[in-house]
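Visitor: I would like a close look at a single part of this model. Please start from one residue and then move on to its wider setting.

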Amino acid sequence: MPELPEVQGLVDFLGERMAGLAVESLELASFSVLKTFDPPPQALAGAPVDGVTRHGKWIDIDCDGIHLVLHLARAGWVRWSEELPRTVLRPGKSPIALRVRLVDGSGFDVTEAGTKKSLAAYLVRDVQAVPGIASLGPDPLTDDFTREAFGELLAGRSAQIKGVLRDQSVIAGVGNAYSDEVLHVAKLSPFAKASTLTDEQVDTLYQALRSTLTDAVAAASGKPAKELKDAKRAGMRVHGRTGEACPVCGDVVREVSFADRSLQYCATCQTGGKPLADRRTSKFLK
């Protein structure tokens, strides 16, 4: 799933290429992907692109006051073309869900792989009308996301810190991959309770969160959309690296599997050398 750094990379990429252009058309290959009916897709025809911004993991393309808002979910992506084909999109015939064509012939397709369809697009005049945006927590890279603000978010939360970091209503933009990375940098167990962290651990976690995301955004900056996925994978320390050596201590990277995802961690760095035993109870092997 694209997370804050990759989405920021896509926003920068699209913003640069769409600047000064207008939309020719918004074409749908999957009618279910568009979650709104007013304004209609035809309202974008001729609208100039005023800017592209990010809200957490959401892409916001402002077209003369009408916002095309995209959430790529688990398997969505943006595929740019300097010259889009003129063929008519046929529902169910390709992974393309929608196409944005610009007046100079360039544009992009939004694709979704797999059979579980959760890609979402909205056309709104106010981005706060998108439920997923209205409920977002603060962005962890803004200036007002201070150590004190972070501490207040964690205080009183009995949930596991891995889940807190992934909760979009608490912190916007962090998902499964970067929560693994942040916790590895901070040397914290993914199952540690947020409310039980010491002040020193919160300090370390805050610095790890900011530095990990800042570095990942810098790594994504300037890359074409087609290179961002590989750049993300290449930059991972533990996420997606089960069985490989931890880059810090050399211990094997371990995994805990869930029904629809998994997490990766280093026992030596994060759990005092004890492998996590049970994903449901968060106990350790004896």
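Is Leu28 buried or exposed, and what is its relative accessible area?

Guide: Leu28 is buried: its relative accessible area is 16%, and the cut-off for buried is under 20%. The model is a predicted one. Leu28 belongs to strand β1, which covers residues 23–28. Leaving aside residues up to four places away in sequence, Leu28 touches Val33, Leu34, Pro41, Leu89, Ala97 and Leu98.

Confidence comes next. Mean pLDDT for the chain is 94, and 97% of the residues reach 70 or more. Residues 279–286 are a stretch where pLDDT stays under 50. For that stretch the model has 16 contacts beyond four places in sequence.

Now the aromatic rings. Searching the whole structure gives 5 aromatic pairs. One of these is formed by Phe150 and Tyr206, with ring centres 5.9 Å apart and planes at 40°, so the pair counts as tilted. Phe150 sits in helix α3 (residues 147–154) and Tyr206 in helix α6 (residues 199–220), so the pair links distant parts of the chain, 56 residues apart. Phe150 has 0% relative accessibility and therefore counts as buried. Tyr206, at a relative accessible area of 9%, is buried as well. Ring pairs also bring in Phe145, which forms a cluster with Phe150 and Tyr206.

Last, the open space. The largest pocket holds about 750 Å³. Its lining consists of 28 residues, and those nearest the centre are Met1, Pro2, Glu3, Arg74 and Lys232. Three elements each supply at least two residues of this lining: β5 (76–81), α5 (176–186) and α7 (225–235). The largest share comes from α7, with 3 residues.

Key. Residues are numbered from 1 along each chain as its sequence is written. This is a predicted model: local features need pLDDT of at least 70, side-chain atom pairs count only at pLDDT 80 or more; totals for chains, interfaces and linings use all residues. Side-chain values use heavy atoms; hydrogens and water are left out. pLDDT is the predictor's confidence in each residue, from 0 to 100. Contact means heavy atoms within 4.5 Å. Rings of Phe, Tyr and Trp (its six-membered ring) pair if their centres lie within 6.5 Å; planes under 30 degrees apart count as stacked, over 60 as edge-to-face and the rest as tilted. Helices (H or I, at least four residues) and strands (E, at least two) are DSSP runs, numbered from the N terminus. Buried means under 20% relative accessible area, exposed over 50%, partly exposed in between (1.4 Å probe, protein chains only). On a 1 Å grid over the protein atoms alone, a cavity is a set of points where a 1.4 Å probe fits but cannot get out, and a pocket is an open set with protein on both sides within 12 Å along at least five of seven lines; lining residues have an atom within 4 Å of a point. Grid points are joined across faces, edges and corners, and a volume is the space filled by probe spheres set on the points.
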